[in-house]
Amino acid sequence: GLFVWHLKNTGIRQIPCQFVHLCHGANDRLITFQYFNFLKRMYVTQYNKDLSQRAKPKSDAVASPFRELQQLDQEKKVIHKIRPISPVHQPLSEAPSRNELREMKSAAETEDSVAPVRAESKEDRQWKEMKLRLDDLPGILARLSKIKLTALVVSTASAGFAMAPVPFDLTCFLLASLGTGLASCAANSINQFFEVPFDSNMNRTKNRPLVRGQISPLLAVCFAASCGVPGIALLTLGVNPLTGALGAFNIFLYTCCYTPMKRMSIANTWVGAVVGAIPPVMGWTAATGSLDAGALLLGGILYSWQFPHFNALSWGLREDYSRGGYCMMSVTHPGLCRRVALRHCLALIGLSTVAPVLDITTWTFPVISLPINLYISYLGFRFYRDADRSSSRKLFFCSLWHLPMLLLVMFTCKKSFLEKEDKGDLLGGNHGRAVEIRLP
Amino acid sequence: PPAHSCNDWIGPPDKHSNLRPVIFYVPPEESPLERRLREARQEAQACDQRFWARHNRAFRQEKEEFIYSRLKAKGLEMRDETGQKATLNAEEMADFYKDFLSKNFRKHMQYNRDWYKRNFTITFLMGQVALARALKWLRWKKKNV
């Protein structure tokens, strides 16, 4: 994945001039989308593939799809170049080419996964020996711990760390990231351990290691313990007890509250949103050692983001949820599902405006983020009004790039703590003033 | 699975239940603990298979009935001129999904409880068996050293 991404990275600089030609537009946007979503590629591919089979991504979807916050050196430059262009082009290509874009995207993205999938399904029909092969183990454990999801969770935690108004401490950052990653691996493994028969019945999740018998449940639990215990210990002892406690609480919330609740009540979505909101809070507390308003704001932004993301996604998976016995809003309370998604899109605008009030960012942040927040709110409104497959898909795909962009803008508008000391200058409130960018 | 194999074998997903059947290997000197584990797993497999096969079949059947009744209400046939099966769109199916989920809620709750219990028991037994085997291996090593 990383390889392909790098290739695309070099190709990106040529894109801006080609953007104007709509005939190339879809293709380029494809690349842009892929660039933005390289990790999500797997996810999107499966989603696109699965749409025809009515599959579900849920259990991952909520706590999951945090867009990766790209490592900030070169990527930022490239993203800056693209950013001014893509919001403009989104509305341009709205109705007609959207579908083509989707198909092209799914076509292009499924190419590389079609071949392995065909091979896979042939293999699938054979009987396999249930013996653990050591060379398969890394791959199996990666899938068990949902390594891509874990990477995204770690990115949001890093975003929380980066936004904290303290001098950057590399060891602390690395320890916090590692600890969060291990905790996430543990939580995901336990989640899969709990859900074997349900996963077997859903198209997206039916290829998981425990479902396929590639690993025994005992080993899965041991792996989870051997990730979770050191992870939390690392956070508690190597970072600070507050972060460790949050990590342990999040594991508990995800495995013992969210996972069983998925089958009991629609409130699981809210719990899942909290699960997703905690990693950035953990990043912040790792840096500062305390739960400030800033941490809660960052958590709040991620909490609100979950709803348009997940509700839009779950709209297309109602059949699988219904058959599998999952209690989701999209099945039981469809009106509520859409209302909540819209409500939280609007909440994102509000939260972005609160950020400068809390001294986390300058006032440029709500201004710059307004277009993307308005756009996702517009899509949220369309979803609310139309309640059909296409509006839900639009909203979902928007959420995939909306979050990384928002976090990136937030980071570039971060108020340097040095500046905060000369409050006198700041009160002048000049919008165009250069903000000291703190690179990690 | 070949006769000489010493492991369990897992097969392709079942057509009705989507679960993968496992053929368990019975070692010649199976300890009582190992036998308990194997029997627990066999029983769990049978329970799961029964539940999901029945559940999925019910789903398919009720879905067909729903589509049929809705089409009839609209005055359409099950198959149109080209012989293709007529389907309802997602919004119309949504009523069915909601209905089906609430109808089967109690059944799922019961199954969930049973599944968690079985899962924990089996995993715990696996732990015990693994521990017993490890101790046996250590004792054998000590003897042969």
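**Entry 1: between the domains of chain A**

How many salt bridges does the rule find across the interface of domain 1 of chain A and domain 2 of chain A? I looked and recorded zero salt bridges there, a salt bridge being a side-chain nitrogen of Lys or Arg within 4 Å of a carboxyl oxygen of Asp or Glu.

I note that this is a predicted model, in which local features need pLDDT of at least 70 and side-chain atom pairs count only at pLDDT 80 or more, while totals for chains, interfaces and linings use all residues. Residues are numbered from 1 along each chain as its sequence is written, chains are lettered from A in the order in which they are written, and side-chain values use heavy atoms, with hydrogens and water left out.

I took the domain bounds, 134-265 for domain 1 and 292-416 for domain 2 of chain A, from an automatic or database domain assignment. Their centres, taken over C-alpha atoms, are separated by 23 Å. I found 17 residues of domain 1 in contact with 16 residues of domain 2, where contact means heavy atoms within 4.5 Å.

The two domains of chain A bury about 1,400 Å² between them, with 62% of it on carbon and sulfur atoms. Buried area is the accessible area (1.4 Å probe) that two parts lose on being put together, summed over both. I noted that A:Met163, A:Met202 and A:Arg263 supply 44% of the area that domain 1 buries against domain 2, more than any other three residues.

**Entry 2: between chains B and A**

I next turned to the two chains. The contact takes 41 residues from chain B and 41 residues from chain A. About 3,600 Å² is buried between these chains, and carbon and sulfur atoms give 63% of that area.

Here I counted one salt bridge. In this salt bridge the side chains of B:Lys63 and A:Glu319 meet at 3.1 Å, N to O. Among the elements that give two or more residues to the side of chain B that touches chain A are α1 (32-74) and α3 (105-144) of chain B. The largest share of that side, 13 residues, comes from α3(B). Helices (H or I, at least four residues) and strands (E, at least two) are DSSP runs, numbered from the N terminus.

**Entry 3: strands across the chains**

Which residue is the bridge partner of A:Glu129 in β1(B)? I identified B:Trp9. Strand β1 (residues 128-129) of chain A and β1(B) pair in the antiparallel sense over two bridges; strands pair if DSSP finds at least two bridges between them.
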